[in-house]
Every structure is written in C-alpha cells, then in structure tokens.
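Dear colleague,

Here is the structure I promised to pass on. My notes on the fold and its core follow below.

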Amino acid sequence: MSSSNALYTDLSGYYDLMCADVDYPAQSRAIHRLQQLFGNGGMRHLDLACGTGPHIRQLLDLGYQCQGLDLNEPMLQQGRQRCPEALFSQGDMCEFSLTEPVDLITCFLYSLHYCATLERLQRCIALIHQALAAQGLFCFNTVDKNHIDNQSVQQHSALQHGSHFLFQSSWYYPGQGSQQQLKLSIVRRQADQSEIWQDSHTMVATSFDLLLHYLEPYFEVHLLEHDYQKIVPWNGQSGNALVVCVKKQP
C-alpha cells in the first residue's frame with residue numbers, strides 16, 4: 001500500500017524504529033557542549049519538530065527544562081509518555097509563540113527543511129529569534145541543495161515483534177528551484193508476507209550561502225562540520241552541516 005497520509009500516520013508508530021540508528025545521547029551531549037561554549041548556559045529548552053521526544057529525553061537527563069513542538073499528535077502522545085516532565089504542544093514551527101523565552105532551541109534530523117518554502121523558512125527563523133533569551137542558542141542540521149546526490153540512499157534494518165523492517169530515505173533535488181523531496185520507504189516482512197510503504201515529502205531547498213543570508217540579520221552564525229563527536233568548522237566542501245546560531249542583541 002502507498003499513501004502519504006497513511007504513511008505519515010503510521011510513522012507515529014514506526015518513528016523510533018525508523019530512527020534506531022540515530023545516536024541521540026551523542027547528539028544531545030554535543031548540543032549541551034555548544035550551549036556551554038557559545039550560548040548563555042541556560043537550561044530552558046525547546047525542541048522543534050520533536051517527534052516522539054528522544055532528544056528531549058536526553059536533554060532532560062542533562063538537567064534541562066524541556067518543551068517540544070510538533071504537528072503530529074500521535075507522536076506527541078508518545079513523547080508525553082517518554083518524557084512526563086516535559087511540556088509538549090501541537091503546532092507549526094512557522095507559526096509558534098512562547099509565553100516565556102528559552103535559552104536553547106533545537107531542530108534535529110534536518111527537520112527545519114519541513115518549512116517547505118523559503119517564505120515559511122524566513123518566518124520560522126524570525127520566530128526562533130523572538131523566542132530566545134539574550135545570547136540564546138539555536139542549533140540545527142541542514143543539507144545544501146547543491147551537494148545532494150540523487151542516487152544516494154540511506155538505509156538500515158531492524159527487528160520488532162517477529163517482523164523484519166527495512167527503512168530507506170533519500171534526498172532528491174531537481175537541479176533548480178527552492179524545493180526538494182525527502183523520499184521514504186518502509187518494507188515490513190513477516191514469514192512469507194511483505195508490506196511496503198512509500199512516500200515523498202516536499203522540503204525547502206537552500207544553499208548554505210542562502211541560509212546564512214537569512215540567519216545573519218538575527219544571529220552570529222557558526223557553520224560546523226556535521227560531526228557530533230567534535231567541534232570542527234565546516235570544510236567548505238561537505239554537503240551537510242551543523243549550524244550554531246547565537247542570538248544577536250538589538
């Protein structure tokens with residue numbers, strides 16, 4: 001079966017399994033180090049596109065006061081079970097507001113690209129700046145549209161309840177314009193039966209230069225290699241980056 005709505009609903013159940021190869025502890029410790037080095041050292045945290053809250057769980061354990069925002073309510077329900085100490089809200093990261101500022105905002109797993117259009121991306125950046133306290137930190141990862149290899153596929157497999165799952169994801173950029181596709185595939189095999197889900201999500205496509213153009217009016221920006229084990233400046237060639245943004249003061 002293949003349906004975008006069906007897959008997105010199903011992802012709430014498969015999200016953790018699909019991301020089983022993500023090193024959440026390492027990513028969260030890296031963001032904590034960056035907050036200590038570049039940010040204000042504060043512990044109030046917001047995770048945008050938080051999914052089921054795996055990063056929030058890690059940051060709670062590091063002492064942060066966390067809240068999460070996501071469009072998908074079934075995922076948020078799982079997040080509330082995983083992280084009862086945190087506050088979870090359903091909403092659009094291009095339309096959110098907070099009653100009190102936070103010290104750290106994160107958006108992991110390339111989720112900032114879900115803004116889908118350049119106009120919404122710019123709106124999201126402005127709202128993030130507004131939501132941060134003085135010297136607050138915004139961290140996210142991103143892919144440069146000019147470095148996308150349309151033939152490259154990331155995949156991993158997992159076992160659950162007697163079923164074998166194969167997860168695949170890939171970027172597709174048509175070579176022009178400001179949108180790219182995130183293609184997802186899930187294959188579940190059990191005994192002699194197989195089920196396949198496929199979908200394609202429209203994502204905003206940017207270059208690093210354009211992204212810096214949008215960020216620099218609001219932030220002091222550090223473009224780093226996409227490496228959560230060490231802090232290294234972007235080498236000017238790789239297509240993925242970890243972006244660290246320190247809120248500028250008026």
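Of the contacts (heavy atoms within 4.5 Å) between residues at least 6 apart in sequence, 65% join residues at least 24 apart. Please keep in mind that this is a predicted model, in which local features need pLDDT of at least 70 and side-chain atom pairs pLDDT 80 or more, while totals for chains, interfaces and linings use all residues. Residues are numbered from 1 along each chain as its sequence is written, and side-chain values use heavy atoms, without hydrogens and water.

The protein has six helices and eleven strands, taken as DSSP runs (H or I, at least four residues, for helices; E, at least two, for strands) and numbered from the N terminus. Of its 250 residues, 51% are buried, meaning under 20% relative accessible area with a 1.4 Å probe, protein chains only.

The largest nonpolar core has 33 residues. Such a core is a set of buried Ala, Val, Leu, Ile, Met, Phe, Trp, Tyr and Cys residues joined through side-chain atoms within 4.5 Å. Leu48, Ile105, Ile128, Phe138, Phe140, Leu215 and Phe219 touch the most other members. Elements supplying at least two residues each include β1 (44-48), β5 (132-143) and α6 (208-215). The largest share, seven residues, comes from α5.

Leaving aside residues up to four places away in sequence, Phe140 touches Cys107, Leu112, Leu211, Leu215, Ala241, Leu242, Val243 and Cys245. A second, separate core of 22 residues includes Ile31, Leu104, Leu137 and Leu224.

Best regards

Conventions:
Buried means under 20% relative accessible area, exposed over 50%, partly exposed in between (1.4 Å probe, protein chains only).
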